[in-house]
Amino acid sequence: MLLTNQDIKELEKVKRLNIINSITGIKPANLVGTKSASGQTNLAIISSVVHLGSNPALIGFIMRPTGTVPRHTYENIKETGVYTINHVHESFIKQAHYTSAKFDREESEFNAVKLTEEYFDSCTAPFVKESQLKMSLSLVEEVSIKINGTIMLIGEIQQLIIPDEVITEEGHIDLSKLKTAGISGLNSYYGLTHLDTFPYARKEELPDF
Ligand SMILES: Cc1cc2nc3c(=O)[nH]c(=O)nc-3n(C[C@H](O)[C@H](O)[C@H](O)COP(=O)(O)O)c2cc1C
């Protein structure tokens with residue numbers, strides 16, 4: 001199959017959405033936890049999380065356009081400046097998926113999908129207790145993407161929780177040991193298998209292929 005730019009534009013809406021959402025490959029499965037200024041918690045599955053730099057430790061994710069549809073995650077982050085990002089473990093992919101349903105502002109997805117709020121130190125944003133690897137962040141920058149009205153929210157990591165048994169002395173984290181899920185498109189969840197690890201690539205040290 002070869003699709004031109006014009007073919008893509010003429011595709012039926014849902015089919016186009018499914019195709020274009022899948023072609024970048026496996027995306028990370030994360031739940032963003034927030035709390036409004038009045039104390040209402042919220043949880044949303046997000047597949048667009050990306051690492052932007054390690055020093056300072058910056059993580060970004062793409063927020064869908066906030067125009068007509070209420071985006072509780074966005075409102076809460078704007079109100080409080082803090083949020084958590086929690087890996088989705090294979091054991092709760094179904095619950096994680098259903099956080100994407102349109103709940104009212106006063107309904108918490110934590111209750112609706114039966115995941116548990118957890119708090120560390122002074123961070124007011126809720127973590128997901130069932131999640132193995134999780135972090136809290138402070139919003140440091142918001143980048144508007146003019147072409148389609150999406151927003152990149154950039155946060156600096158404040159707290160990072162990693163199980164000791166999945167991290168090596170050099171800081172490598174084995175995601176297959178963690179049983180963190182991956183996402184394709186907007187509906188399909190995958191398990192991850194560690195295939196191999198290679199040293200830093202130098203052209204003077206190429207192996208035999
Ligand atoms: C697999 C999957 C991935 C998603 N990824 C994103 C994303 O990266 N950014 C986004 O804004 N919404 C994403 N969504 C949609 C949000 O989960 C959804 O809009 C959610 O209801 C937002 O909730 P809120 O209004 O409580 O903030 C995704 C949905 C699914 C099912």
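Setting aside neighbours within four places in sequence, tyrosine 83 is in contact with Val32, Gly33, Thr34, Ile77, Ala125, Leu137 and Gly155. The model described here is a predicted one, and its protein chain contains six helices and 12 strands. With a radius of gyration of 19 Å, close to the 17 Å that the globule rule gives for 209 residues, the protein chain is as compact as a globular protein of that length.

**Overall build**
- Taken along the principal axes, the C-alpha atoms of the protein chain fill a box of roughly 60 × 50 × 30 Å.
- Buried residues make up 23% of the 209 residues, and among contacts with a separation of 6 or more, 62% join residues 24 or more positions apart.

**The largest nonpolar core**
- The largest nonpolar core has 26 residues, of which Ala29, Leu31, Val32, Ala44, Ile45 and Tyr83 touch the most other members.
- At least two residues of this core are supplied by each of strand S2 (30–35), strand S3 (41–46), strand S5 (57–63), helix H3 (72–80), strand S6 (82–87), strand S8 (127–128) and strand S9 (134–145), and the largest share, four residues, comes from S3.

**Cysteine 123**
- Cysteine 123 is found in the loop between strand S7 (117–118) and S8, and it counts as partly exposed because it has 19 C-beta neighbours inside 10 Å, whereas a buried residue needs 20 or more.
- Not counting residues up to four places away in sequence, cysteine 123 touches Val82, Ser136, Gln158 and Gln159; cysteine 123 and serine 136 are 13 residues apart in sequence and 7.4 Å apart in space, C-alpha to C-alpha.

How values were computed:
Residues numbered from 1 in each chain as written. Predicted model: local features only at pLDDT ≥ 70, side-chain atom pairs only at ≥ 80, totals over all residues. Rg over C-alpha atoms; globule rule 2.2 N^0.38 Å. Buried ≥ 20, exposed ≤ 12 C-beta atoms within 10 Å, placed from the backbone. Contact = placed C-beta atoms within 7 Å. Core = buried A, V, L, I, M, F, W, Y, C linked by C-beta atoms within 7 Å.
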